[in-house]
Amino acid sequence: MSKVETIKVVPARYPLRAAGAVAALFVLAVVVQSVAFNPRWEWAVFARWFFDLTILAGVGQTLLLTLIGTVLSVAIGGLLALARLSSSWLLSSLAWGYIWLFRSLPLIVVLIVLYNFSYLYDTLSLGVPFTGITWGRFETINVLGQFSTAVVGLTLVQSAYTAEIIRGGFLGVDHGQYEAAAALGLPAWRRTVRIILPQALRTILPSGFNEIISLAKGTAMVYVLAMPELFYTIQMIYNRTQEVIPLLMVGAVWYLVITTVLSAIQYVVERGLARSERRSAVNQNRASSRTRSVTAPTAQEPVHASLS
């Protein structure tokens, strides 16, 4: 009888990985201890102001600015991206000029200029340039208030970044997809919406949500308009109470909550998109296999003829 050799399985050991994990936990424990047990952070003041109605009203203004700015910037940025991809040199140049200008200007400069727009132009008129023909005239001081100035400024700047993200998504789609869509005889808008856009979303979504998160934090810049969003509200409170650090932590945690919710939405959307892509790929494979089975020629039995 031959001896059966037993093989002893030894799990792989990673001492450096274990040492790194221990060091990371040590640093985390030090940070938690220094923040949680340092009385100068004034966590009692933080807890008192975190759910205050004034703070919640500021959070509501921040969320509203983020929502409106996102919707408008996606709409305008999509049009700018299509103009950049257009074969018309005029549309492409105008879109490039817009993107170049508003990606170069700081948001705070755009907001201050818009807030002083009534000083630069008393009225806005609609008519034929270089003629006296006008169809309407509006007082600018009645058009651009605090909220409308914030929305317009955020939208103008954010649209430039969104346009480049959408354009990059379209350029990431293989050129053969455009040719195949054109070969089907579909109109241009239908090719873009039904065939090109679903494929471009895989590239657009991560960068797009990143810009939405940046927009949510960028709403803090509208404090220069004295608009009571989250950051301006916190400033007004700590200027009165002199409790600077705990109130800044209130704002930081609320921004952390907002960005966490947006990140969770991004995860859900990307997961749903990946699931729909897998489902469509399975259906396409089933349809192609069914087509091959129907169109495959049936084998004919050989015919034997008797020769007399």
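This is a predicted model: local features need pLDDT of at least 70, side-chain atom pairs count only at pLDDT 80 or more; totals for chains, interfaces and linings use all residues.

Reader: How many helices and strands does the protein have?

Author: There are 12 helices and 2 strands. Along the sequence, they follow the pattern α-α-α-α-α-α-β-β-α-α-α-α-α-α. As for burial, 28% of the protein's 308 residues count as buried.

Reader: How are two packed helices described?

Author: The general idea is to give the angle between their axes and the distance between the axes. Here, take helix α3 (residues 53-84) and helix α10 (residues 188-218): their axes come within 9 Å and cross at roughly 140°. Angles over 145 degrees would count as roughly antiparallel, so α3 is oblique to α10. The crossing in which α3 passes α10 is right-handed.

Reader: Which residues make the nonpolar surface patch?

Author: Among them are W96, W100, L101, L105, V109 and Y119, and the patch covers about 1,200 Å². Two or more residues each come from α4 (89-104), α5 (107-115) and α6 (117-120).

Reader: Which element gives the most to the nonpolar patch?

Author: That is α4, with 3 residues. L101 has its place in this helix, α4.

Reader: Is L101 buried, partly exposed or exposed?

Author: Look at the relative accessibility: buried means under 20%, and exposed means over 50%. L101 has 35%, so L101 counts as partly exposed.

Definitions and conventions: Residues are numbered from 1 along each chain as its sequence is written. Side-chain values use heavy atoms; hydrogens and water are left out. Patches are made of residues with over 30% relative accessible area and no salt bridge: like charges are joined within 9 Å, nonpolar side chains (Val, Leu, Ile, Met, Phe, Trp, Tyr) within 5 Å. Accessible areas come from the Shrake-Rupley method with a 1.4 Å probe; for residues, only the protein chains shown count as cover. A salt bridge is a side-chain nitrogen of Lys or Arg within 4 Å of a carboxyl oxygen of Asp or Glu. Helices (H or I, at least four residues) and strands (E, at least two) are DSSP runs, numbered from the N terminus. Buried means under 20% relative accessible area, exposed over 50%, partly exposed in between (1.4 Å probe, protein chains only). Axes are lines fitted to C-alpha atoms, for helices over the stretch in contact, and angles run from 0 to 180 degrees between N-to-C directions. Angles under 35 degrees count as roughly parallel, over 145 as roughly antiparallel, 65 to 115 as roughly perpendicular and the rest as oblique. A crossing is left-handed if the near helix is turned anticlockwise from the far one by less than a right angle, and right-handed if clockwise.
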